[in-house]
Amino acid sequence: MTSPAVIRLAIVVLSLLSLPACTTAPVASLMPLEDGSYRSVAYSENEQQALGSSLQLAQSTCRERNLSHAVVSADTHFRGLPVRRAEPQETAAGLAAYVASPRFPSLTASDDYEAKVHFKCL
């Protein structure tokens, strides 16, 4: 027998998994650093788009200065709903922790991945 709480949690999880994915343009920002280098940060619904946007921002920033970009470091990580990546047995626990967290964003957000690129213009 299953308890009503387990059934409710399963309904919530299944409804979250059935949400349609919205495609939106990645959001990217540029930060000049003290040593003359730059850091671009981009958010998108998938890792490739986030990294691509961050690299495009690096390229266009240096191109405006008639220079080319050199990547010092790059980092991407997943920051979205845990149910989008978790194994089925981890879904319930991950969702419960996510909903209880102070940073509970919109369920339809398309900023699941963050890509940071530290670069210099040469």
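**Notes on the salt bridges and the sheet**

1. Searching the whole structure turns up two salt bridges. Keep in mind that this is a predicted model.

2. Glutamate 64 is exposed, its relative accessible area being 64%. Arginine 65 comes out as partly exposed, at 39%.

3. The other bridge links the side chains of arginine 79 and aspartate 111, with N to O at 2.7 Å. Arginine 79 sits in the loop between β3 (69-78) and α3 (88-100), while aspartate 111 sits in the loop between α3 and β4 (113-121), so this pair ties together parts 32 residues apart in sequence. Arginine 79 has a relative accessible area of 24%, which makes this residue partly exposed. Aspartate 111 is partly exposed too, at 25%.

4. On to the sheet. Four strands form an open sheet with antiparallel pairing, in the order β1-β2-β4-β3. Why is one side of β1 and of β3 left without a neighbour in the sheet? Because β1 (27-32) and β3 stand at the edges, and each has a single partner strand. From one strand to the next, the twist averages 15°.

5. A closer look at β1: this strand pairs with β2 (residues 38-44) over six bridges, in the antiparallel sense. Within that pairing, alanine 28 is opposite alanine 42 of β2.

6. Last, the helix on the sheet. α2 (residues 47-64) lies across β1, β2, β3 and β4. Relative to β4, helix α2 runs at about 25°.

Definitions and conventions. Residues numbered from 1 in each chain as written. Predicted model: local features only at pLDDT ≥ 70, side-chain atom pairs only at ≥ 80, totals over all residues. Heavy atoms only, no water. Salt bridge = Lys/Arg side-chain N within 4 Å of Asp/Glu carboxyl O. Buried < 20%, exposed > 50% of the residue type's maximum accessible area, 1.4 Å probe, protein only. Helix = DSSP H or I, 4+ residues; strand = E, 2+ residues; numbered from the N terminus. Pairing = 2+ DSSP bridges. Axes fitted to C-alpha atoms, helices over the stretch in contact; angles between N-to-C directions. Contact = heavy atoms within 4.5 Å.
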